[in-house]
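Please consider the structure shown below together with its sequence. The paragraphs that follow move between local detail and overall architecture.

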Amino acid sequence: MRIDKTLSERVVRFKTSAALAALLAVSVPLTANAADLRGWNIHVVDYPVSHGMEQFAAEVADKTEGRITSKIFHGGVLGSQPDAIEQLRLGALDFGVFSLGPMGQAVPETNVVSLPFIFKGIDQMYTLMDGEAGAAIGAGLEKKGIVALGWYDAGARSFYNSQKPINTPADVTGLKVRVMNNDLFVGMVESLGGNATPMAFAEVFQSIKTGVVDGAENNPPSYESTNHYEVAKYYSISEHLIIPECLCMSKKTWDGLSEADQKIVAEAGRASAETQRTLWKARETASMDKVIAGGTVVNQIADKGPFQDAMAAVYDRFLSDNPDLTDLVNMIRNAE
Ligand code: BDP
């Protein structure tokens, strides 16, 4: 008898706790920390950046047991990158992956990585971004309302156009080249004798096709995923820019998270960057193969020296406009 009573008591207790747990599970999304975040992405769904972002969102949802979920809007449907940067700062967007290129207009520190030929290679870029340079740039972003959660790879950018292979700066003379929205890139193309047109990423294909511009510059995966290779078949490997990208969160969103959730978000950001960097390498090769099969004429610029020399004016102007960034520029330039 005694045993039975104890058993039935246990059953009642079990039922109560199961009912309580079910109730709690239902009410969890209604707690103070619940959030449905909006993520901005310029790239198509099947792209290393997009996969990195999806991993980030899934890990955050998983580790917060569904309290913090996200919807990522791929393909630039939430607007151009310069607009999205402003929305992120205002908190109208919660997170996104941004090239540090167009960030320069809002956050001066990010401009140091938009200086042509500043990094000696991708591995050096990783080391510096995961260390002192990344910390300094992250601090600059934070002052402007943006929290950097991870540095993504965007390889190296090279020139491509519909007219001819580029081998020397003289080949750029007179070419109409689309650049990202940043005065530094206008100066870069002008220093080579070309005509620079800042323009949104989404408009480039049509602009090359209709001859508004002759070409642009980008890494192989972007050249391929946007189909720019179909309208600009000469891809000349200049690798003049190595610009990292940032998985960034609005500081407004970040400040609204508990310390424990901030830790989860930061860890998921770092982990997603590791995945993205691995995916990036494979995609670079695959993209190159695809564009070559599609008719792209690739040439390696044998002597980049004259291109590098032409950038002296870009550096001089930048340093005279931003004297407080001299140490950061020199630190990167002089790094091994
Ligand atoms: C791609 C970047 C993207 C830029 C784009 C551009 O990943 O963030 O918007 O270049 O040229 O490589 O605008």
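**From a helix end to the domain interface**

Gly193, which comes just after helix 7, takes a positive phi of about 90 degrees. The model under discussion is a predicted one. Helix 7 itself covers residues 183-191, and its buried residues include Leu184, Phe185, Val186, Gly187, Met188 and Val189. At the N-terminal end, helix 7 is capped by Asn182, a side-chain oxygen of which lies 2.9 Å from the backbone nitrogen of Leu184.

The chain as a whole may now be described. Its secondary structure amounts to 14 helices and 11 strands. The C-alpha trace spans about 100 × 45 × 35 Å along its principal axes. Of the 336 residues, 51% count as buried. When contacts between residues at least 6 apart in sequence are considered, 76% of them join residues at least 24 apart.

The chain is divided into two domains: domain 1 comprises 32-154 + 243-285, and domain 2 comprises 156-242 + 286-333. A distance of 23 Å separates the C-alpha centres of domain 1 and domain 2. Contact between them involves 40 residues of domain 1 and 40 residues of domain 2. The size of an interface is often given as the accessible area lost when the parts come together. For domain 1 and domain 2, the area buried between them is about 3,300 Å², with 67% of it on carbon and sulfur atoms. Leu115, Pro116 and Phe117 supply 21% of the area that domain 1 buries against domain 2, more than any other three residues.

The polar side of this interface can be described as well. Between domain 1 and domain 2 there are 16 residue pairs in polar contact. Helix 4 (100-103), helix 5 (122-129), helix 6 (132-143) and helix 11 each supply at least two residues of the side of domain 1 that touches domain 2. Helix 11 gives the most to this side, with five residues. By class, the side of domain 1 that touches domain 2 is made up of 24 nonpolar, 11 polar and five charged residues. One salt bridge is found across the interface of domain 1 and domain 2. Elsewhere in this account of charged groups belongs the pair Glu224 and Arg283, whose side chains meet in a salt bridge with an N to O distance of 3.1 Å.

Most residues other than glycine have a negative phi, and most peptide bonds are trans. Phe117 is not a glycine, yet has a positive phi of about 60 degrees. Phe117 lies in the loop between helix 4 and helix 5. With a relative accessible area of 18%, Phe117 is buried, because the cut-off for that class is under 20%.

Glu65 is located in the loop between helix 2 (48-63) and strand 2 (68-73). Is Glu65 buried or exposed? At 71% relative accessibility, Glu65 counts as exposed, since the exposed class begins over 50%.

Helix 11 (residues 259-293) contains Arg277. At 15% relative accessibility, Arg277 counts as buried. Which residues does Arg277 contact, leaving aside its neighbours within four places in sequence? They are Tyr126, Asp130, Trp151 and Asp153.

Ser158 belongs to strand 5 (residues 157-161). Ser158 has a relative accessible area of 2% and is therefore buried. Setting aside neighbours within four places in sequence, Ser158 is in contact with Ala216, Glu217, Asn218, Tyr235, Ser236, Ile237, Ser238, Glu239 and His240. One of these, Tyr235, is 77 residues from Ser158 in sequence, while the C-alpha to C-alpha separation in space is 7.2 Å. Another, Glu239, has its backbone nitrogen 3.0 Å from a polar atom of the Ser158 side chain.

Technical notes
Residues numbered from 1 in each chain as written. Predicted model: local features only at pLDDT ≥ 70, side-chain atom pairs only at ≥ 80, totals over all residues. Heavy atoms only, no water. Helix = DSSP H or I, 4+ residues; strand = E, 2+ residues; numbered from the N terminus. Buried < 20%, exposed > 50% of the residue type's maximum accessible area, 1.4 Å probe, protein only. Contact = heavy atoms within 4.5 Å. Domains from an automatic or database assignment. Buried area = accessible area lost by both parts, 1.4 Å probe. Salt bridge = Lys/Arg side-chain N within 4 Å of Asp/Glu carboxyl O. Polar contact = N/O pair within 3.5 Å; in protein donor to acceptor, adjacent residues only side chain to side chain. Nonpolar A, V, L, I, M, F, W, Y, C, P; charged D, E, K, R; others polar.
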